[in-house]
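I opened the file and kept short notes on what I looked up. The entries follow in the order I made them.

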Amino acid sequence: MYFLYSLGLFIHIVGITITSGGSIGGYLLERQIWKHIPESPLKSKSLTCLLSKYSMIIHTGTLLMIISGIMMLAALGWAAVGQQWFVIKMVFVIGLFLSGFFIAGTNSMRLNKLIIRQMNAEEVSIELNKVKRNMILFRISEALMVLTIYLLAIFRNSI
Ligand code: HEM
């Protein structure tokens with residue numbers, strides 16, 4: 001069981017690293033996209049194609065975290081499942097998943113469409129601002145939820 005736990009922890013840390021790397025990379029890419037939208041929408045359009053690569057990286061990391069989390073739970077005899085820190089952690093994990101799917105996913109699709117409309121000389125600045133605001137809100141909530149999960153993992157024995 002000790003081996004299963006250690007292997008799970010190793011994969012968990014690899015998963016966290018991959019997900020964080022993908023998320024930070026995606027954020028930096030997004031900044032470049034916004035920077036180029038006013039004067040060069042074509043450049044922004046080609047950069048948006050890369051966004052899906054980052055979401056693939058994030059999905060891979062997430063899958064590793066889920067599999068390894070289950071491995072650790074099994075190694076600990078499923079004792080953590082009923083504990084308060086784990087229940088709160090799962091609420092935030094689900095929150096991350098849902099906000100990633102509904103807010104980040106839908107807004108990056110909207111961004112893609114708006115850039116195409118802008119390339120066709122349509123006026124879309126109000127809609128673009130809305131998408132930008134949603135993406136900023138997503139980034140802030142994502143950072144807060146991940147930091148809370150880290151704090152829960154570290155202070156789990158004090159809860
Ligand atoms: C955003 C997703 C997640 C993050 C950022 C995260 C982060 C962490 C961190 C930092 C630790 C502490 C590692 C240590 O003890 O050194 C940990 C432990 C653990 N995580 Fe996760 N985790 C995530 C998702 C999950 C999921 C989905 C599960 C379950 C299916 C899970 C189950 C566990 C378990 C069982 C432990 C070990 C607790 C113990 O040793 O008592 N985690 N996680």
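**Helix H4 and its surroundings**

I listed the buried residues of H4 and got Leu 128, Val 131, Asn 134, Met 135, Phe 138, Arg 139, Glu 142, Met 145, Ile 149 and Leu 152. The model is a predicted one. I then looked up what these buried residues pack against, and found helix H1 (2-36) and H3. An α-helix has 3.6 residues a turn, so residues three or four places apart point the same way.

I checked the length of H4 next. Helix H4 covers residues 125-154, and its 30 residues should span 44 Å at 1.5 Å a residue. The end C-alpha atoms are 44 Å apart, so the two values agree.

**Whole protein**

I counted four helices and zero strands, in the order α-α-α-α from the N terminus. The C-alpha atoms fill a box of roughly 60 × 25 × 20 Å along the principal axes. Of the 159 residues, 30% are buried. For contacts between residues at least 6 apart in sequence, I noted that 77% join residues at least 24 apart.

**Two single residues**

I looked up Thr 48, which lies in helix H2 (residues 41-75). Thr 48 counts as buried because its relative accessibility is 6%, under the 20% cut-off. Beyond its neighbours within four places in sequence, Thr 48 contacts Ile 33, Leu 111, Asn 112 and Ile 115.

I then turned to Leu 98 in helix H3 (residues 84-119). Leu 98 has 40% relative accessibility, so it counts as partly exposed. I found Leu 98 in a nonpolar surface patch with Ile 94, Phe 97, Phe 101, Phe 102 and Ile 103. Together the patch residues have about 630 Å² of accessible area.

Note on methods
Residues are numbered from 1 along each chain as its sequence is written. This is a predicted model: local features need pLDDT of at least 70, side-chain atom pairs count only at pLDDT 80 or more; totals for chains, interfaces and linings use all residues. Side-chain values use heavy atoms; hydrogens and water are left out. Patches are made of residues with over 30% relative accessible area and no salt bridge: like charges are joined within 9 Å, nonpolar side chains (Val, Leu, Ile, Met, Phe, Trp, Tyr) within 5 Å. Accessible areas come from the Shrake-Rupley method with a 1.4 Å probe; for residues, only the protein chains shown count as cover. A salt bridge is a side-chain nitrogen of Lys or Arg within 4 Å of a carboxyl oxygen of Asp or Glu. Helices (H or I, at least four residues) and strands (E, at least two) are DSSP runs, numbered from the N terminus. Buried means under 20% relative accessible area, exposed over 50%, partly exposed in between (1.4 Å probe, protein chains only). The expected span of a helix is 1.5 Å times one less than its number of residues. Contact means heavy atoms within 4.5 Å.
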